[in-house]
Amino acid sequence: MSNDRNVDFVLRTVEERDIRFIRLWFSDVLGNLKSFAISPEDLEEAFDEGVGFDGSAVDGFAQLEESDMLAFPAPDTFQVLPWRPSQNGAARMFCDIKTPGRQPFEGDPRAVLTRVFEDLDKKGYVPCAAPRIEYFYFGDSVKPIPQDKAGYFDLTPWDSARDLRRDTTLMLERMSIPVEYSFHAQAPSQNGIELRWSEARSCADNIMTARLVIKQEAFANDMFASFMPKPFSETEGSAMFLYESLMDHDGNNLFWGPSSKYPDHLSELANHFIAGVLRYAPEYTLITNPTVNSYKRMRPMGEVPCYTTWGHRNRSALVRVPMHKPGKHQSTRIELRGPDPTANPYLALAVTFAAGVRGIEEELKLQDEATQEDITATETELAKKGVKRLPRDLREACDNFEKSDFCREVLGDHICDYLVQEKRREWDEYNTTVTDWEREHYYAGF
């Protein structure tokens, strides 16, 4: 559907369905969802001229002297908000943030992913992704007390969130976000939801929406949903697995290869892509794992990746190649197991796809698949195989990120400078103002 037809559809729907509040959504640099509402009378002008707002009030956006910003609603993201009343209803659209000169604002995470998407499109690639988001339900936002003792995929009376997951799934599907499946995850009170495949920009929009709906449905049921990666030291943490592949403009999966040439059906292009993702992972880990607590989850000897490894069955690898439906073209994809649900999805998808395509362009050779022996190997032994250690904490992630020409090229100076400053401040605060107990369990962001 052309942009003009999308605009016409939005204007007609707003009138026919008695929509009185148009919520304009966008993300700050840290991945927090921001919003303000306009009236239907201002909508047509918003499409043409944008809506002005003060960017200096948004984390990571602009300084006071350059604070004027314009939000341009993207009509293809229009959705009526099903949790609002049907009379005098509300709808939302994601926005592209621009300067008064109508140029994409370099601090807008969605603009970063759009730039990567358009660059890949010119090269003949369509980046597609699907997320699996894990999270915890607690009784309130003050103290993290598990609400059940159920485990992975359990179907028992102890699974206290089964009705809440059902309500969340139905709400997402009412917003045209199809859910592949929802489930109780491994830890007590931990849950997961996997969204269906879409192109990368829609995938990021869906993640932003899903995180809001998960929290909102929990609140409506007197529960609190937390995306904190590691709320308990003794149980599993929460990940945001990203399933990624590249399509061509005809819808063919470029990661698939015939078994006569590729026994695992993974094409040469896919091998180069994985090599790129692994090569640049230590540099972009600050994006996929952006909090102090993120690194509480990334501990050796578990199912969480700590090294730049890949494999088919090894769930401690950074990149896993699922084999659920071997030989099926569209099912060939990679599973990136490092990211956690605090990551900004626009930036996470931007750096991982850019890294993979850099691997294709540089024809990087994929290292050998990780073995069971590699789990207990020393860093020196792994280094001989081309395997690198991922950052151990937020400080180390900042150091790697700050030195990365790759990340600065993909994300731009504005976002890189802000993230380094903000995350170093967070690290210093963690080391100087929290108690020993808080340092061990660190509930910031809970």
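Which side chain meets arginine 20 in a salt bridge? The partner is glutamate 41, with N and O 3.1 Å apart. A salt bridge here is a side-chain nitrogen of Lys or Arg within 4 Å of a carboxyl oxygen of Asp or Glu. Side chains of opposite charge can pair when their charged atoms come close.

Before going on, note that this is a predicted model, where local features need pLDDT of at least 70 and side-chain atom pairs count only at pLDDT 80 or more, while totals for chains, interfaces and linings use all residues. Residues are numbered from 1 along each chain as its sequence is written, and side-chain values use heavy atoms, leaving out hydrogens and water.

**Salt bridges**

The structure has 21 salt bridges in all. Helices (H or I, at least four residues) and strands (E, at least two) are DSSP runs, numbered from the N terminus.

How covered up are these residues? Buried means under 20% relative accessible area, exposed over 50%, and partly exposed in between (1.4 Å probe, protein chains only). Arginine 20, at 32%, is therefore partly exposed, whereas glutamate 41, at 55%, is exposed.

| Arginine | Glutamate | N to O distance |
|---|---|---|
| arginine 20 | glutamate 41 | 3.1 Å |
| arginine 337 | glutamate 335 | 2.7 Å |
| arginine 425 | glutamate 422 | 2.7 Å |

Arginine 337 and glutamate 335 are both buried. Arginine 425 and glutamate 422 share helix H12 (residues 413-432), sitting three residues apart, about one turn of the helix. At 40% arginine 425 is partly exposed, but glutamate 422, at 17%, is buried. There's also a salt-bridge network linking Arg395, Asp399, Glu402 and Arg424.

Take H8 (residues 345-361): its 17 residues should span 24 Å, and the end C-alpha atoms really are 24 Å apart. That expected span is 1.5 Å times one less than the number of residues. In H8, 16 of the 17 residues are buried. Glutamate 363, which follows H8, has a positive phi, near 50 degrees.

H6 (residues 268-288) is another story. With 21 residues, a straight helix would reach 30 Å, but the end C-alpha atoms of H6 are only 26 Å apart. H6 bends by about 75 degrees at proline 282, the bend being the angle between axes fitted to the seven residues ending there and the seven starting there. Since 18 of its 21 residues are buried, H6 is largely enclosed by the rest of the structure.
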